[in-house]
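Biologist: Before we discuss this chain, could you show it to me, and then tell me what the terms rest on?

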Amino acid sequence: MHHYNAGLKRMAKLCDIEEKLISYVSRHSFATHALLKNVPLTAISSMLGHSKFNTTQKYLKS
């Protein structure tokens with residue numbers, strides 16, 4: 001996870017993004033955009049690797 005977050009930090013710097021990017025932000029953004037594109041919650045849950053559907057529902061509410 002460290003390498004992933006380090007890569008996000010480098011990308012943010014290259015793109016002049018001031019917000020702190022971490023894996024949670026990228027995963028949450030992906031899930032939110034997928035939901036806005038009418039991707040079924042069950043598919044989003046599977047793509048995020050959540051073992052419980054409730055986890056995805058809580059994740060998207062935060």
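Modeller: Helices are DSSP runs of H or I with at least four residues, strands are runs of E with at least two, and both are numbered from the N terminus. By that rule α1 is followed by Asp16, whose phi is positive, near 55°, and just after α3 Gly49 takes a positive phi of about 80°. The model is predicted, so to speak of local features we need pLDDT of at least 70, side-chain atom pairs count only at pLDDT 80 or more, and totals for chains, interfaces and linings use all residues. Residues are numbered from 1 along each chain as its sequence is written, and side-chain values use heavy atoms, with hydrogens and water left out.

Biologist: How many helices and strands does the chain have under that definition?

Modeller: The chain has four helices and zero strands, and from the N terminus on its elements run α-α-α-α.

Biologist: What makes the reach of α1 close to the expected one?

Modeller: The expected span is 1.5 Å times one less than the number of residues; α1, residues 2-14, has 13 residues and reaches 18 Å from its first C-alpha to its last, close to the 18 Å expected.

Biologist: Which residues of α1 are called buried, and why are they said to line one face of the helix?

Modeller: Buried means under 20% relative accessible area, exposed over 50%, and partly exposed in between, with a 1.4 Å probe and protein chains only. In α1 the buried residues are Gly7, Leu8 and Ala12. Seen down the axis of α1, they fall within an arc of 140°, the arc being that of the directions from the helix axis to the C-beta atoms, so they line one face. The face turned away from that buried side carries the exposed residues His2, His3, Lys9, Arg10, Lys13 and Leu14.

Biologist: Which residues of α3 are buried, and why are they placed on the same side?

Modeller: The buried residues of α3 are Ile44, Ser45 and Leu48. They cover an arc of only 100° around the axis, which puts them on the same side of α3. What covers them includes α2 and α4, where contact means heavy atoms within 4.5 Å.

Biologist: What makes a set of residues a nonpolar core, and which is the largest here?

Modeller: A nonpolar core is a set of buried Ala, Val, Leu, Ile, Met, Phe, Trp, Tyr and Cys residues joined through side-chain atoms within 4.5 Å. The largest has six residues: Ala31, Ala34, Ile44, Leu48, Tyr59 and Leu60. The elements that give two or more residues to this core are α2, α3 and α4.
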